[in-house]
Amino acid sequence: MPTDTLTLDLEKRFAGFGLALSRDLPLEGITAIFGPSGSGKSTLLRLIAGFERPDRGRILGRDEVWCDTAARRFLPPYKRPAGFVRQGAPLLPHLSVAGNLSYGEKRTGKRPARYSLEDVTAALDIAPLMEHRPAMLSGGERQRVALAQALLTRPDILLLDEPFSALDRKRKLAILPYLQRLQAQFAMPVLYVSHDIEEVASLADRILILEAGRETAYGDVTACLNAHAFGEDDDGAILSGQVTAFDERLDLMDIEVAGGVLRLPAEQSRSIGDPVRLLLRANEVALSLTRPDGLSIRNALTGEVAAIRADGDGPFMRVEVTLSGTHLPVRVTRAAAEDLSLQEGQAVYALIKTATLAG
Amino acid sequence: MTLPDLPALWLTLRLALTTTGLLLLIGTPLAWWLATTRTRAKPVIEALVALPLVLPPTVLGFYLLIAFNPDSPIGSFWLSVTGDTLTFSFAGLVIASVIYSLPFMVQPLQTAFETTGRSAMELAASLRAAPLDAFFTVAMPGAARGFVTAIVLSFAHTLGEFGVVLMVGGNIPERTRVISIAIYEHVDNLAYAEAHTLSAILLGLSFIVLLFVYAFNRRFPVHAH
């Protein structure tokens, strides 16, 4: 009985850059590979696809050897059961959408077909595009066709190398639900490379964080992102929560998180009990000593000041607030911190101007 | 057109077609190799391929004449295998033309293959196409415009060749006497009417061929990403 695992044990050196990783990834759900550019995440994906050869190491997919430098074995990319969608999601320009989809499907051979062409085109809403040429497609349509094309090779895993980075935020948010649908409908394991916190928080079931070619964290998305993903310039936190109620009249939904309940615009796709992740940015949160009254901001979480420190030499301070165990960094002006005479241990209300719902 | 010129016209077309066909077989893999190789020898090969562009045809023809001589290794080998000489023969003309027109086939193809690029070949591989399969089904269709340009240029260039042919083939009717040499001979003999006819045919042929290329490029615009 083969294990549903992708086994990675790799070393690869380039001029001025090295990747070294040893990690077993389960072949289920969406695994995000997250890191700044130059961290080696794309190289890792290309090694798995077989477009690069490691200097040393091995890759096993479901106990099948894809690469093993010690045994001098290397399965060429076209023999690996992996679908690959790269940045910009290029298609074969001389074929129609239908031709693009059948190109891979007819070369796939006798792999068990758990789903049909019709299932895939329906799930990705591309059935009306079948006669179109790739040059006629919009960015979002091209991404969906590329996903379908990869799916139809019936791979064991789908490798996505920042496929949506060329799309603007609105189009990107429109395509993410499709990926989740593929998960639910086709149970297709996905390895997803991204440097976008919001994207990762919204999609991933687990995360592998790379920095300078080394693993810095692996596992729970919220915990790993909070520990490693936020920096000085782009500070914030991910809060895990749960949908607890819908208000049909005001078109809002209640989300229970550490420190209270947030009321956010209702989303049709959610139902009561769904786990969600919220992305809060440090400069989109304000602090108050009293429960807000007479303010348009209605979302307030109760917490306690854990630490205060200067944010560089500028006029800002970085206040660390603990919301029953969860840390939330808040950026306030030095003047405000002095006016409120903020101190460690003090009870505060964190006023949430905007919260991005992710996951 | 006087009847004696018909064989020259026919010979020219046969030479251009044979040369273009052989160049397709030789130039396609060579251009692909140049477009994808990472070897340090690449500039050397590229310079060798481009040499006929800058070399006076008579210089190239002179060296080929020496190489084709029945006393030389190449010339004597050919003689022993085929029983015919390479100099002053159609076979010699074809080989000389292939070398002379090589850059016109290789350069447009190399550019086209480089544009298609590694990313298209990787896409094909991720869609389970083996390398040769991917070459025929992705790289070649992607380079369709490059092929049209390369074929037309090679054909047209061979059609108008003079210096190399004269050096290697001479002026033997129905064997090595091509149009350009026939025109030269007519003018030399002050037979302007015959020279006019042949020149007009060549001019018309060249224009029609180029018209075809530009019309084709209009119908198939560059695939935008």
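This is a predicted model: local features need pLDDT of at least 70, side-chain atom pairs count only at pLDDT 80 or more; totals for chains, interfaces and linings use all residues.

**Exercise 1.** Find helix H5 (residues 90-126) and helix H7 (residues 144-159) of chain B, and work out how their axes are oriented to each other.

Solution. Start with the two quantities that describe such a pair: two packed helices are described by the angle between their axes and the distance between the axes. For H5(B) and H7(B), the axes come within 8 Å and cross at roughly 165°. Now apply the cut-off: an angle over 145 degrees is roughly antiparallel, and H5(B) and H7(B) are therefore roughly antiparallel to each other. The handedness of this crossing is right-handed. Next, look for the residues that make the contact: H5(B) contributes residues including B:Ser97, B:Phe104 and B:Leu109, while among those from H7(B) are B:Phe147, B:Leu153 and B:His157. Sorted by type, the residues of this contact come out as 8 nonpolar, 8 polar and 1 charged.

**Exercise 2.** Step back and describe chain B as a whole: how many helices and strands does chain B have?

Solution. Counting elements gives 10 helices and 0 strands. For the extent of chain B, follow the C-alpha trace, which spans about 65 × 45 × 30 Å along its principal axes. Then turn to burial: 38% of the 225 residues of chain B count as buried. Finally, take the contacts in chain B between residues at least 6 apart in sequence; 72% of them join residues at least 24 apart.

**Exercise 3.** In chain A, trace the open sheet that 5 strands form, and say which strands lie at its edges.

Solution. Begin with the order, which is S2-S1-S4-S5-S6 in chain A, with antiparallel pairing. The edges are strand S2 (17-26) and strand S6 (73-74) of chain A, as each of them pairs on one side only. Now zoom in on one pair: strand S5 (residues 64-68) of chain A joins S6(A) in the antiparallel sense over 2 bridges. Here A:Asp68 has A:Arg73 in S6(A) as its bridge partner.

**Exercise 4.** Is helix H1 (residues 41-49) of chain A mostly covered or mostly uncovered?

Solution. Check the residues of H1(A) in turn: 8 of its 9 residues are buried, and the helix is mostly covered. Among the buried ones are A:Leu44, A:Leu45, A:Leu47 and A:Ile48, and A:Lys41 and A:Arg46 are also on the list. Just after H1(A) comes A:Gly50, with a positive phi of about 95°.

**Exercise 5.** Decide whether A:Arg206 is buried, partly exposed or exposed, and find what A:Arg206 touches.

Solution. First locate A:Arg206, which lies in strand S10 (residues 206-211) of chain A. Because A:Arg206 has 16 C-beta neighbours inside 10 Å, this residue counts as partly exposed. Leaving aside residues up to four places away in sequence, A:Arg206 touches A:Thr31, A:Gly219 and A:Val221. For a comparison of sequence and space, take A:Leu25: A:Arg206 is 181 residues from A:Leu25 in sequence, and their C-alpha atoms are 9.5 Å apart.

**Exercise 6.** How many residues does each chain give to the contact between chain A and chain B?

Solution. Chain A gives 19 residues and chain B gives 15 residues. On the chain A side, strand S7 (82-85) and helix H2 (97-105) are the elements that give two or more residues. By type, that side of chain A divides into 10 nonpolar, 7 polar and 2 charged residues.

How values were computed: Residues are numbered from 1 along each chain as its sequence is written. Chains are lettered from A and ligands numbered from 1 in the order in which they are written. Two residues are in contact if their C-beta atoms, placed from the backbone, lie within 7 Å. Helices (H or I, at least four residues) and strands (E, at least two) are DSSP runs, numbered from the N terminus. Ala, Val, Leu, Ile, Met, Phe, Trp, Tyr, Cys and Pro count as nonpolar, Asp, Glu, Lys and Arg as charged, and the others, Gly among them, as polar. Two strands pair if DSSP finds at least two bridges between them. A residue is buried if 20 or more other C-beta atoms lie within 10 Å of its own, exposed if 12 or fewer, and partly exposed in between; C-beta atoms are placed from the backbone. Axes are lines fitted to C-alpha atoms, for helices over the stretch in contact, and angles run from 0 to 180 degrees between N-to-C directions. Angles under 35 degrees count as roughly parallel, over 145 as roughly antiparallel, 65 to 115 as roughly perpendicular and the rest as oblique. A crossing is left-handed if the near helix is turned anticlockwise from the far one by less than a right angle, and right-handed if clockwise.
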